[in-house]
Amino acid sequence: MSAPERIPPRSVSADDPAVAVLLAEGELTVRGRIREASNAALYCTVTHEGREAACVYKPVAGERPLWDFPDGTLAGREVAAYEVSRATGWGLVPPTVLRDGPYGEGMCQLWIETAPAGAELLALVDAEEPEPGWKAVGFAEVGEGRTALLVHADDERLRRLSVLDAVINNADRKGGHLLPTADGLLYGIDHGVTFNVEDKLRTLLWGWAGEPLTEEALDVLKGLRKALADGGTLTTALTPLITPAEVDAARARVEALLTSGVHPEPGGRWPAIPWPPV
């Protein structure tokens, strides 16, 4: 996503403990609208006690109703995705809070400056098999009767994100939702269509489908299992944001991943790959 205008460098980073207070309590000033977004997404600055940062504010009033996500708000799901990411310790979702703003309640998320073009994470290649360092997703029509192989990088950051997406049941993991930074971090954004009770996983990160989960991922999932128990810290955080049935479904997905020990494969009931991929 691109900002309507740049602001001075922010005075907090994503791992700064003060960022949650800044986002939740700071004064929001709308600077422009992010036109590429399907729902209302506003580029803002937020200031609090001498600190300032750029952020994205998505008011609930600007959400388009979705037939398959009738319960709760997309904003609440965005915050819930952050809470799960925070519980993993991987820091894959920018700090995100639910708060009041100029256009009512909405989600407020720290703006992430992306790295200059260079280290690509996704590609369409004219080949039957991926090259070393890449994982195949599938073939895609590219016009005039031609097909190309869609691939993504065999990157540990993406692999972690694929596990997070499986837990939150992300129905829309596109390439434009991947934000690599100049310091080597990777963030995923746009988590409004997550946590559905039904299996709706749609992603470009199928390259590890059916492969064993890493030991690190299994340890993280065990931590999530504990945090999602009745009265657990993550259950407590998610309860105001999504429905009880959706919390139960997230708990069941964690258990299913631990039982199978492998990355999930496409279920077949829904299109497995979002298109266009960006």
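Tutor: Let us begin with Val84, which, once its neighbours within four places in sequence are left aside, is in contact with Leu164, Val167, Ile168, Phe195, Leu224, Leu234 and Leu238; contact here means heavy atoms within 4.5 Å. This is a predicted model, in which local features need pLDDT of at least 70 and side-chain atom pairs count only at pLDDT 80 or more, while totals for chains, interfaces and linings use all residues. Residues are numbered from 1 along each chain as its sequence is written, and side-chain values use heavy atoms, with hydrogens and water left out.

Val84 belongs to the largest nonpolar core, which has 41 residues, and it is one of those that touch the most other members, together with Leu158, Phe195, Leu221, Leu224 and Leu238. A nonpolar core is a set of buried Ala, Val, Leu, Ile, Met, Phe, Trp, Tyr and Cys residues joined through side-chain atoms within 4.5 Å, and buried means under 20% relative accessible area, with exposed over 50% and partly exposed in between, using a 1.4 Å probe and protein chains only. At least two residues of this core come from each of helix H2 (74-88), helix H3 (156-168), helix H4 (215-227), helix H5 (233-238) and helix H6 (244-260). Helices (H or I, at least four residues) and strands (E, at least two) are DSSP runs, numbered from the N terminus. H3 gives the largest share of this core, with seven residues. Another core, of 19 residues, lies apart from it, and Leu42, Val46, Leu179 and Ile189 are among its members.

Beyond residues up to four places away in sequence, Thr194 touches Phe69, Arg77, Ile168, Asn169 and Asn170.

Arg253, which has its place in helix H6, touches Phe195 as well, along with Ala166, Val167, Ile168, Asn169 and Asn196, when residues up to four places away in sequence are not counted. Although its side chain is one of those counted as positive, Arg253 counts as buried at 14% relative accessibility.

Turning to the strands, Met107 has its place in strand E5 (residues 106-110), and it is buried, with a relative accessible area of 0%. Leaving aside neighbours within four places in sequence, the contacts of Met107 are Val56, Tyr57, Lys58, Ala75, Glu78, Val79, Thr96, Val97 and Leu98. Computed along the sequence Met107 and Thr73 are 34 residues apart, and in space their C-alpha atoms are 9.9 Å apart.

Glu49 gives a contrast, for it lies in the loop between strand E2 (42-48) and strand E3 (51-59) and is exposed, with a relative accessible area of 74%. Glu49 has a positive phi of about 50 degrees, although it is not a glycine. Ile34, in the loop between strand E1 (27-33) and E2, counts as buried at 4% relative accessibility.

To place these details in the whole, the secondary structure of the protein chain comes to six helices and ten strands. Its radius of gyration, 19 Å, is close to the 19 Å that the globule rule gives for 278 residues, so the chain is as compact as a globular protein of that length; the radius is taken over C-alpha atoms, and the rule is 2.2 Å times the number of residues to the power 0.38. Along its principal axes, the C-alpha trace spans about 55 × 45 × 35 Å. Buried residues make up 49% of the 278 residues, and among contacts between residues at least 6 apart in sequence, 66% join residues at least 24 apart.
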